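These notes are for a colleague who is opening this structure for the first time.

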Amino acid sequence: MEETERPEILQLTDIKFSYRSGDFHLNIPNLTVLTGEKVAVIGPSGSGKTTLLSLAAGILTPKKGNVTIDGQVINAKGDKSRRDYRISNIGFIFQDFGLIDYLDIRDNILHPYRITKALKLDAEVKDRARLLADQIGIGNKLRRHPADLSHGERQRVAICRALLHKPKLILADEATGNLDPDNKIHILDLLFQTVQEQKATILAVTHDQELLTHFDRVINFRDFLSGGQDEK
Amino acid sequence: MKNSLYLAYRYLSFNKIRSLVLISCITIIAVLPLALETLLNESERQLALRAEESPLLIGAKGSALDLVMNSLYFSDEIPETITMAAAEQVMDSDLAMPIPLYIRFQARNFPIVGTSLDYFDFRELELAQGTMFTSLGQCVIGSDVAEKLGLKEGDYIVSSPENLFDIAGVYPLKMKISGVLVASSSADDRAVFVDVMTAWVIHGLGHGHKDVTQTTDGSVILKKDKGNVTANAKLMQYAEITEENIDSFHLHGDPATFPLTAVLAIPYDKKSSTILQGRYLNKDTIYQIVRPKEVVDTLMATIFKIRNVLDAVIVLVGSATLLALVLVFSLSLRLREGEIDVIFKIGCSRATTARLLGAEIFIIILVSGVICLGLISVIVQFDQELVRSLFI
């Protein structure tokens, strides 16, 4: 992969962050993710991996430094702009899937379109949702509810929801943490394949050493905090 | 807003039982005071109107309320009886027009009102079909009786025995319906009117049977003297008064001693009214004279006090229920923290989250409101019947 030819999609520069309680401090001198890269973030519990995702998504803002996505400084934007940018350009995949139990699969996939004006729900989006669901292998389960699906199927739904609006950046927080070993690899391959088709970038937090070989690059958060980046 | 309502609808329809409980609670809180208010207002209106139209009532000493409720609204509580002499006494006084009332029996659960034709003029009751009763054994029925029993002029209705197990009791009388009254939205709609003499026949004070002096059936005769014939129980009394047997009907005793439950007295003027009331103030008299409006006003004052207590109870219960609903919503919010966190991370604003929850509350209140309106409409539609069956 010719990394030098690809532009940066995410850049964190001179980040200093701490929670209000003051018992956690995170310093990130520099972190860069290139467009189309599949990057894993590993590190001990409590080292700030999820905080990194929240900073990258604009959910949290640093006390110092800048978070830049596709050339736009996210933390310089106001709350509403950050939210609109996030829901339009970033896809989230959660460990516990984050599906809404009272919505069927189709409505779960379309859910982001129903909670913001930044995305417009029209017939084209609905068609795309159906196609994406077919592609991911849950096309025949659109009228079911999450409780009726297996863990693997639920994570497929979550991936479908995260990718429907064609985000530039996918943030995955232990996306395979609740899956059995066979399903883990399968879902990850499916995710990578779909992300590649959509020319998106993925930044995934994981504890699972077995999956690291599937990523382009691995950032060890401990090493990172000590000043360097550990690459595959 | 469309999307918020859609998601709210999905949430509520997924949690059906919870939603139904919430809707039921809010509906009950809203309907209960409104329904009570509607019914009490209607009962107040019905009671007051009828009482205002009835100047004076003479009956046996005892409960004035029972006397008024029986005479004006034909309630089941039967007051002590007086005699026809009371009506004659009023007539002789030249102070008021007496209308006898004997309200004791029933026909198919509707009260039989024994009275005179003056009653219909006084109440301004008009016929929808047929004529007023013109002879013994005929009756005029109210509009509700006709509608509910599917009866019309020329049909028959049979009086109900007071006690099925009383072998010596009164025989049921088959009465011919001579006319049906126009609906008046009063107790008159639910009554069977007969001449007071017919009511006495039902009582057993008058009857008709074969002429025992002419009969050739020896098994009927118990003893036969010169001018005196004694019949045994085989002598069949007529259960229907027809043109053929009407002449055989007769009363035993002096009609002045026959029972009435009340006399409705219509004074000719205010002065006559005052004088007439004065005549019944004597401690020795066996009668009481009451102004129905005063009795009903006293009753309404009591109802008003009860209503205030009920209102206070409803407010307390309503407040407690509302607090419980707030608790349910806040617990529901805690249960949905995960969901709220997810949609916030995806990019949903706090305002949108609040709008989603607001939409759920809106739908619950809207559905409760629609059910409430429907129930109140039904209650308003049938308030007269409900008041009569529940209160009067």
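1. In which loop of chain A is A:Glu174 found? A:Glu174 belongs to the loop between β7 and α6 of chain A. The model is a predicted one, and the values in this note should be read accordingly. A:Glu174 is not a glycine, yet its phi is positive, at about 50°. With a relative accessible area of 11%, A:Glu174 is buried, since the cut-off for buried is under 20%.

2. A second residue of chain A can be set beside that one. A:Lys166 is likewise a residue other than glycine with a positive phi, near 50°. The loop that holds A:Lys166 runs between α5 (151-163) and β7 (169-173) of chain A. Here the relative accessibility is 51%, so A:Lys166 counts as exposed. As background, most residues other than glycine have a negative phi.

3. Aromatic pairs come next. Over all chains, the count of aromatic pairs is twelve. One of them joins A:Phe17 and A:Tyr19: the ring centres are 4.8 Å apart and the planes stand at 85°, so the pair is edge-to-face. A:Phe17 is buried at 7% relative accessible area, whereas A:Tyr19 is partly exposed at 33%.

4. Another pair in chain A is made by A:Phe192 and A:Phe215. The centres of their rings are 5.1 Å apart and the planes are at 80°, which makes this pair edge-to-face. A:Phe192 is part of helix α6 (residues 181-197) of chain A, and A:Phe215 is in the loop between β8 (201-205) and β9 (217-220), so the pair ties together parts that are 23 residues apart in sequence. Both A:Phe192 and A:Phe215 are buried.

5. Chain B has an aromatic cluster. Its members are B:Phe74, B:Tyr119, B:Phe120, B:Phe133 and B:Phe193.

6. Two arginines have the charged end over an aromatic ring. For A:Arg86, the ring belongs to B:Phe344, in the other chain's numbering, and the charged end lies 5.7 Å from the ring centre. For B:Arg336, the ring is that of B:Tyr11, and the distance to the centre is 3.6 Å.

7. How do helices α11 and α12 of chain B cross? The axes of α11 (residues 350-381) and α12 (residues 383-390) come within 5 Å and cross at roughly 75°. The two helices are therefore roughly perpendicular to each other. On the α11(B) side the contact involves B:Ile379, B:Val380 and B:Gln381, and on the α12(B) side B:Asp383, B:Glu385 and B:Leu386. Of the residues in this contact, three are nonpolar, one is polar and two are charged.

8. Which residues does A:Leu53 touch beyond its neighbours in sequence? Leaving out residues within four places, A:Leu53 is in contact with A:Leu171, A:Ala172, A:Asp173, A:Leu203 and A:Val205. A:Leu53 itself is in helix α1 (residues 49-57) of chain A. Its relative accessibility is 1%, so A:Leu53 counts as buried. A:Leu53 and A:Ala204 are 151 residues apart in sequence, while their C-alpha atoms are 8.5 Å apart in space.

9. A:Asn108 sits in helix α3 (residues 105-114) of chain A. Its relative accessible area is 0%, so A:Asn108 is buried. Neighbours within four places in sequence aside, A:Asn108 is in contact with A:Leu99, A:Ile100, A:Leu103, A:Pro146, A:Val157 and A:Arg161.

10. In chain B, B:Ala146 can be found in helix α6 (residues 143-149). B:Ala146 is buried, at 11% relative accessibility. Not counting residues up to four places away in sequence, B:Ala146 touches B:Ile141, B:Leu151 and B:Val180. B:Ala146 and B:Ile177 are 31 residues apart along the chain, with 9.9 Å between their C-alpha atoms.

11. B:Asp269 is partly exposed, with a relative accessible area of 41%. Between B:Asp269 and B:Gly142 there are 30 Å from C-alpha to C-alpha, and the two are 127 residues apart in sequence.

Key: Residues numbered from 1 in each chain as written. Chains lettered and ligands numbered in written order. Predicted model: local features only at pLDDT ≥ 70, side-chain atom pairs only at ≥ 80, totals over all residues. Heavy atoms only, no water. Phe/Tyr/Trp six-rings, centres within 6.5 Å; stacked < 30°, edge-to-face > 60°. Buried < 20%, exposed > 50% of the residue type's maximum accessible area, 1.4 Å probe, protein only. Helix = DSSP H or I, 4+ residues; strand = E, 2+ residues; numbered from the N terminus. Lys NZ or Arg CZ within 6 Å of the ring centre and 35° of its normal. Axes fitted to C-alpha atoms, helices over the stretch in contact; angles between N-to-C directions. Parallel < 35°, antiparallel > 145°, perpendicular 65-115°, else oblique. Contact = heavy atoms within 4.5 Å. Nonpolar A, V, L, I, M, F, W, Y, C, P; charged D, E, K, R; others polar.
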